[in-house]
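This report is meant for a reader who is meeting the structure for the first time. It goes through the ligand, the sheet and the helices in turn.

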Amino acid sequence: MRIIAIANQKGGVGKTTVTMNLAAVAHEAGSRVLVVDVDPQASAEFWATQAEQGAGIPFDLTTSTDPAQLASMRDLPYDVILVDTPGSLEAEDVLTTVLQNADFVILPTEPTPLALGPVVRTVRQVIAPSGVDYRVLLNKVDPRTPADASDAAGLLDQTGLKRFRAFIRTYKVHTLAPLEGKVVTQYPHDQRTLRAVEDFRKVNSELLTQFANEKVAS
Ligand SMILES: Nc1ncnc2c1ncn2[C@@H]1O[C@H](COP(=O)(O)OP(=O)(O)OP(=O)(O)O)[C@@H](O)[C@H]1O
Ligand SMILES: [Mg+2]
């Protein structure tokens, strides 16, 4: 069982989007998945509520106002727990508590020079001191200009932050999904949706490789 926190003190960078769609592909790959929403904004919960009008989301989701409860969730019958955290500097206490119970952190960020400052700060001030391993994930990469991702990756590498090789492109399906109460694996697989799903599958397989390597090392 792995508890993975999705975090970035900057708002609107895709934490909830990454949480829900990564949960979808992990479920698709056969993992037993729980999403825990510890964000008072409760965007993930809203998403799941929207889904109740349709097919529902294909994995379990719960909200927790007390992130310390995560410690007791470790014994639940899941392979992975994804924790969606709030995006603000004031929420640092919540993030710190989540990190005490997390095995890994994913930090989504937009691939622009101005967005990288906040992610570097989050890693240096909160993630690194916690000692929990992490990777930055470039999100909202324009599919028409994939070079943006390489540019942002280059800048990130200069800061010494660790990152996923995979990145998530901007697709309308991601913008529509919360209101429609669906995750990316539930849309008809036209070409664009397939690319959107593929992005998340790549992130999931990088994660699995990472965890497998850790096991060998330990
Ligand atoms: N890859 C993407 N393609 C298209 N739209 C995206 C993508 N990622 C995020 N978005 C959109 O950007 C907005 C912010 O995303 P999201 O809510 O996931 O960010 P967040 O970090 O969870 O925000 P908050 O800090 O408020 O919790 C949403 O409208 C979402 O649909
Ligand atoms: Mg959110």
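## The ligand and its surroundings

In this model, which is predicted rather than determined by experiment, a polar side-chain atom of T175 lies 3.2 Å from a nitrogen atom of ligand 1. The protein covers 81% of the 620 Å² of accessible area that ligand 1 has on its own.

Backbone atoms also take part in the contacts with this ligand: a backbone N or O atom of G14 is found 2.9 Å from an oxygen atom of ligand 1, and a polar backbone atom of V13 is 3.1 Å from an oxygen atom of ligand 1. In total, ligand 1 is surrounded by 18 residues, and the closest of these are G14, K15, T16, T17 and N139.

## The sheet

Six strands form an open sheet with parallel pairing, and their order across it is β3-β2-β4-β1-β5-β6. The edges are taken by β3, residues 60–63, and β6, residues 133–138; each of them has a single partner strand, so one side of each is left without a neighbour in the sheet. On average, and with direction ignored, neighbouring strands of this sheet are turned by 20° against each other.

One of the pairings joins strand β1, residues 2–6, to strand β5, residues 104–109, in the parallel sense and over three bridges. Within this part of the sheet, I6 stands opposite I106 in β5.

## Helices on the sheet

Helix α1, made of residues 15–28, lies across β1, β2, β3, β4, β5 and β6, and it runs at about 165° to β4, the strand of residues 80–84. Helix α2, residues 43–51, packs on the sheet as well, where it touches β2, β3 and β4, while its direction makes about 135° with that of β3.

## Packing of α1 and α8

Which angle do α1 and helix α8 make where they pack? Helix α8 covers residues 191–217, and the two helices pack at an angle of about 75°, with their axes 9 Å apart. Because angles of 65 to 115 degrees count as roughly perpendicular, α1 is described as roughly perpendicular to α8.

The contact between them is made on the α1 side by T17, V18, N21, L22, V25, A26 and E28, and on the α8 side by V197, F200, R201, V203, N204 and L207.

Conventions
Residues are numbered from 1 along each chain as its sequence is written. Chains are lettered from A and ligands numbered from 1 in the order in which they are written. This is a predicted model: local features need pLDDT of at least 70, side-chain atom pairs count only at pLDDT 80 or more; totals for chains, interfaces and linings use all residues. Side-chain values use heavy atoms; hydrogens and water are left out. Two strands pair if DSSP finds at least two bridges between them. Helices (H or I, at least four residues) and strands (E, at least two) are DSSP runs, numbered from the N terminus. Axes are lines fitted to C-alpha atoms, for helices over the stretch in contact, and angles run from 0 to 180 degrees between N-to-C directions. Contact means heavy atoms within 4.5 Å. A residue is near a molecule or strand if one of its heavy atoms lies within 4 Å of it. A polar contact is a pair of N or O atoms within 3.5 Å; within protein, one must be able to donate a hydrogen and the other to accept it, and residues adjacent in sequence count only if both atoms are side-chain atoms. Accessible areas come from the Shrake-Rupley method with a 1.4 Å probe; for residues, only the protein chains shown count as cover. Angles under 35 degrees count as roughly parallel, over 145 as roughly antiparallel, 65 to 115 as roughly perpendicular and the rest as oblique.
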